[in-house]
Each structure stands twice: as C-alpha cells, then as structure tokens.
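Subject: Structure handover

Hi,

Here is the structure I promised to pass on. Please open it alongside this note; what I found follows below.

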Amino acid sequence: MDDVNRLVIVYSPKSTRARQYTKVRADLQHQADIKGWTINEIEITDLPYYQAVKKIAANIRDGDLVLAAGGDGIAQTTFQAIYTSKRSSIFATVPLGNANDISRAINGRHRSAELILRQPVTDFYPLNVVIDGGIAISLISYVTFGATTVLVDYLNRDNMRHRRRLLKNLSPAMSISAKDFNQISRQISDLNFPDFIRNGRTFTDDSIGFFLIPAAHNILRLPKNIALAKSEFFFHYATTRDKNLMKKIVMAGAWTIKFPGEMTELEELKFINNDQNIIANISGDNVDLGKIKQLSAIRSTRPVRILSSTPTPS
C-alpha cells in the first residue's frame, strides 16, 4: 500500500456496535501515525442510500484507503461510492454491525483494525445491477426484492435496532416479538410484487435476489463444492406469499441446504405491467428504485481494490 497517503473512515452512529467506534478510531489513528497517513472522517446518519453514496464519493481522492467502520449497510454504501468515484483508492471494512457478512467474507476472522490493515490488496469484481439500461447498484454482497424488504423495513425501525443490539449474538429474526409475526406475514402476503419474464418464461415468485456468494455466505449456506469464478453469482427466486411467517423462517432454514435458485453469469428480467415502485434490500437497507421495466445483473469487468485476508471474493 505504498500509494496510500490518506485514511478515510466512513461510520454511522446507528451501527449496531457504534459504541465501539471510539476505540476503533483510536486504533486507526495509531496505525495512521505509524504509516504517516492523514485521516478524514465521514459520518453517515439518516441519509438515503444514493445520497450517502454521493457524499462519500465526493470526498474520495486518488491514494485514499477508504475504510467502512460499521455493518453491511455502511460497507456496501462505501464500496459503491468507491466504484462510482473511479478514483485510484482501496476499500476496507472493520465490522461494527450485526451480521457483518461483508467483513467475514473479506477479513475472515480478523476483527482488529491492526490486522485488517495488514491484509494484502486484491481485486474484487462487483456485481452490477442494471435498471432500465443504467447501472444502479454495484454490489460487494447481495440485493433482494419482494418479500424480504417487508422484514428489513421492520428490522430497521429504531425500537428494533435497539432490540437487535441487546440480542446482537443472535439472528436478527430473533428480535421479532411473537405478536408481530402475524402482522409481518400479512404484509408479505399482501405484497403485490409484479410477475416477470426470465429466459422466455413467466415467473410469479414474490422473493428474488442476486448474491455474490463469498460476501453472503452467512445467508447462502450452499454446499462447499460450489466454486465461484469471477463471472458467476447466484440468482435466487421463490414464492412465500402463501406461507405464514413461522413457516417462512422454517423454509429459510431448509434453504440452507439447497437455496432455491441457481448459479448464473447473466440475468435479465422484464417486469410485466409493473405500475408500482420496486423496493430493493441492498445489504440490509431498503432503497426505493421507482417503477422498473427491466432489470439485469452481470459481473463488472472493472475491479475495486480491497484489503482482504483471502483472494476468494474475486
């Protein structure tokens, strides 16, 4: 990392382990002093996804090491900002969230700032999600549509974030009280997700998603013999509307053996008579993408340099 001259830290006071940021900040300052880097901090609080991406990207310069100190949402937002900026910079992340799927994928068991900053630089080829002809999302992990967005919207409420902090060692779904199960289930069943055409066939599934497997291994517990090349990712599709929420969670557990979907290199979906806004769950945060006619996903040919304990994600 001889070309690095500045450490840019992106953080959010709403991250699950945000209280640990003071210690992480001190550790990062110590490492920056050793290496002769200056530090710039960017706080992200209650900003919509694309506004946060724009804010971060505007502050990135060539020679920056841009470190996301937070959960998967902050990590994904920071990653997209780097990709969007087209600057000669490097991405890294320190886990301060709940699931921390992205951190586990690229850092392995490393959690300390010192060990993470010692990792080698490798190329990561994001998954570009193209909406009506323009790149909308550049992913280091996953994006889902349909049923999952109802659950994500509920889990991101302030009272639920507090409960998730108290139960931070458990699955986010364990934060849901019994009385809320039926309400969430009804919302999912009432969700009017549009039908779509894929490979000449009409699908009526209400839960779809695109996953880069190394960065979503805690969600996709696929057989270990699946090898992920630079061009491959996983397309998930399933129907949940006719099942209550408890059955949905049980079904999700069964999916850990064989998740419904398939490995693919290119996906093109055409929505049928869609007259409503489509919500995307981007690494744990919901984003309104507006009325979509066509959506496709393909691995980028332009990599982002990242600090990683293993070259697997590339």
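Which exposed residues does the face of H2 turned away from its buried side carry? They are Lys54 and Ala58. Bear in mind throughout that this is a predicted model.

Now the other side of H2. Helix H2 spans residues 49-58, and its buried residues are Tyr49, Ala52, Val53, Ile56 and Ala57. Seen down the axis, these fall within an arc of 130 degrees, so they line one face of the helix. Their packing partners include helix H3 (72-85), strand E1 (6-11) and strand E2 (38-43).

H3 is mostly covered, with 13 of its 14 residues buried. From first C-alpha to last, H3 reaches 20 Å, close to the 20 Å expected at 1.5 Å a residue. Just after H3, Lys86 has a positive phi of about 60 degrees.

Next, the rings. The whole structure holds 13 aromatic pairs. In one of them, the ring centres of Phe193 and Phe271 are 6.0 Å apart with planes at 85 degrees, so this pair is edge-to-face. Phe193 sits in the loop between helix H8 and strand E9, and Phe271 in strand E14, so the pair ties together parts 78 residues apart in sequence. Both residues are buried.

Phe196 and Phe203 are stacked, because their centres lie 5.4 Å apart and their planes are at 5 degrees. Phe196 is buried at 0% relative accessible area. Phe203 is buried too, at 4%.

Finally, charges over rings. The charged end of Arg201 sits over the ring of Phe203, 4.3 Å from its centre. Arg302 lies over the face of Tyr83, 3.8 Å from the ring centre.

Best wishes

Definitions and conventions. Residues numbered from 1 in each chain as written. Predicted model: local features only at pLDDT ≥ 70, side-chain atom pairs only at ≥ 80, totals over all residues. Heavy atoms only, no water. Buried < 20%, exposed > 50% of the residue type's maximum accessible area, 1.4 Å probe, protein only. Helix = DSSP H or I, 4+ residues; strand = E, 2+ residues; numbered from the N terminus. Arc of directions from axis to C-beta. Contact = heavy atoms within 4.5 Å. Expected span 1.5 Å × (residues − 1). Phe/Tyr/Trp six-rings, centres within 6.5 Å; stacked < 30°, edge-to-face > 60°. Lys NZ or Arg CZ within 6 Å of the ring centre and 35° of its normal.
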